[in-house]
Amino acid sequence: MSLRAPLRQVLSHGSARDGVSHWWVQRVTAVALAPLSVWLVLAMLGLPAADHAAVSAWIASGLHPVLLALTVALAAWHGWLGLSIVIEDYLPQNGPRIVLLLLSTFLNALLAASGIYAVLRIALRGAS
Amino acid sequence: MAERPLSPHVTVYKWAYTMTLSILHRISGIALFAALVVMVIWLMAAAGGAHTYAAAMDVLASLPFKCLIAIALLALCYHFCNGLRHLAWDLGFGFERMQARRSAVLVVVVTLLAAVALIYALFRVAVGRA
């Protein structure tokens, strides 16, 4: 490891050298989300959505909390990667780009945390 | 910034419908991010108890909002189908121009069929419980 910062990094030009992992994680989350999203949409369309007790029971039953938490977390991760690319592609380097990138990062982290918290709260209510 | 030579950008190419599918993948992805926000709000409302949930559902189950959910379902069908097309490309399949155009047509047809079925289910549920 060199302690010298290359000029291209100081000037924000050139590769950050982590493009492959970004690309790969986007594909891995996509592959995982494909079956999860089909399951979620079909299940939710079949739910009696107005009935809070029935909805809570469905969220808490069997492996549903695990799958729901996974779906929300993976969707937030996939969305974070995707939104980052869109923001970086269309916004010039100087300006609102860094603000939107930070906003997208924080918002997606918040979505993942809130979704997992909500699912756990519903799932563990019966156990306590 | 603009003084250095830049590579040719999208405007120099003759339009092909595959380009529209490409940009729609990004647009539908952004729409699905909005859908994720709603999904998490729905889960938080359910976690908040029957009272909070009923208040949230007053908005989420209203007709205008159902129309937004219908758009989200359309976006999901499209992003799903075109995403599979992208994954096939990543595996090295379907790169030829004719193949890419044929898979584009397939994506649009399957998206519309799936979206019509899901949106029908969405509104059938709404009418049945109204």
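Helices (H or I, at least four residues) and strands (E, at least two) are DSSP runs, numbered from the N terminus. With that in hand I looked up W15(B), which lies in the segment before α1 of chain B.

Before going on I noted that this is a predicted model, in which local features need pLDDT of at least 70 and side-chain atom pairs count only at pLDDT 80 or more, while totals for chains, interfaces and linings use all residues. Residues are numbered from 1 along each chain as its sequence is written, chains are lettered from A and ligands numbered from 1 in the order in which they are written, and side-chain values use heavy atoms, with hydrogens and water left out.

**The interface**

I looked up the contacts (heavy atoms within 4.5 Å) and found 41 residues of chain A touching 28 residues of chain B. The two chains bury about 2,900 Å² between them, 79% of it on carbon and sulfur atoms; buried area is the accessible area (1.4 Å probe) that two parts lose on being put together, summed over both. In chain A, the residues that lose the most area to chain B are L45(A), H52(A) and L111(A), together 21% of what that side buries.

**Salt bridges**

I then checked for salt bridges (a side-chain nitrogen of Lys or Arg within 4 Å of a carboxyl oxygen of Asp or Glu), and the structure holds two over all chains. R27(A) lies in helix α2 of chain A and D90(B) in helix α3 (residues 63–90) of chain B, so the pair joins two chains. Their side chains meet at 2.7 Å, N to O.

**A nonpolar patch**

Last, I looked at a nonpolar surface patch of chain B, formed by V12(B), Y13(B), W15(B), Y17(B), M19(B), V105(B), V109(B) and L113(B), with about 830 Å² of accessible area together. Such patches take residues with over 30% relative accessible area and no salt bridge, nonpolar side chains (Val, Leu, Ile, Met, Phe, Trp, Tyr) being joined within 5 Å and like charges within 9 Å. I noted that α4(B) gives the most to this patch, with three residues.

Notes: Accessible areas come from the Shrake-Rupley method with a 1.4 Å probe; for residues, only the protein chains shown count as cover.
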